[in-house]
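Work through the exercises below with the sequence and the structure side by side. Try each task before reading its solution.

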Amino acid sequence: MLDADFFRRWLTVAAAAVDREADRLTELDSPIGDADHGSNLQRGFNAVRATLDKDAPDTPGAVLTLAGRQLISTVGGASGPLYGTLLRRTGKALGEAAEVSEADFAQALKAGVDAVAALGGAAPGDKTMLDALVPAVEALGDGDFAAARSAAEHGAEATIPLQARKGRASYLGERSIGHQDPGATSSALLIAALAEAAGA
Ligand code: ADP
Ligand code: MG
Ligand code: MG
């Protein structure tokens, strides 16, 4: 079973990964974006970490909805509302239980990813974060965190030959081909943090 501590650990590990990889995320966002993805997420996840340190909600659902609200209010770019929606919708799907099973979480995360697709109007193949998130939730099944991590990593790498159809990178048309999508890369980091928190 997964409790509020597990979800706090996930987001704390994610915040550390974002700090460590911020320069790389921003570099990926420079040829096909506006070179701010690393700093956007660093601002957002630092705010999440600070909020969870100060106010430690005692259910999984409350941890995720609070973190999602922080991302929406602190990240300026497209990724803020999208990641904020991912966490808020996942948290809402978990309800008010003090502990959730891995299978319940997997189902909730799928609802969160579906909400990201609905908000951004994107699908796998459009060269966005969904190219990592969708394969990750598929591989997660009833709680295979290691499989989710490797599916997300492969999904992020597989954005290199794609032409972007959503977001800022889509303005470049064919010139977006040949670069890894920054959002798919940060999604793979978040799923890797999840696997680490789960000890997978
Ligand atoms: P901005 O483009 O506003 O500067 P960021 O640089 O923080 O925002 O985030 C860019 C990332 O957001 C992209 O690499 C892509 O993965 C993701 N993204 C952008 N638009 C969409 C969308 N409509 N649906 C899903 N993901 C998107
Ligand atoms: Mg950007
Ligand atoms: Mg921007």
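Exercise 1. Locate Ala35, then decide whether Ala35 is buried or exposed, or in between.

Solution. Ala35 sits in the loop between helix H1 (4-28) and H2. Helices (H or I, at least four residues) are DSSP runs, numbered from the N terminus. The model is predicted: local features need pLDDT of at least 70, side-chain atom pairs count only at pLDDT 80 or more, and totals for chains, interfaces and linings use all residues. Residues are numbered from 1 along each chain as its sequence is written, while chains are lettered from A and ligands numbered from 1 in the order in which they are written. A residue is buried if 20 or more other C-beta atoms, placed from the backbone, lie within 10 Å of its own, exposed if 12 or fewer, and partly exposed in between. Ala35 has 15 C-beta neighbours inside 10 Å, so Ala35 is partly exposed. Its phi is near 55°, a positive value in a residue other than glycine. Most residues other than glycine have a negative phi.

Exercise 2. Which helix gives the largest share of the shell around ligand 1?

Solution. A residue is near the ligand if its C-beta atom, placed from the backbone, lies within 6 Å of it. Of the 23 residues around ligand 1, those that come nearest are Gly77, Gly120, Thr128, Gly167 and Gly183. Two or more residues come from each of helix H2 (37-54), helix H4 (79-94) and helix H8 (182-197). The largest share, three residues, is from H8.
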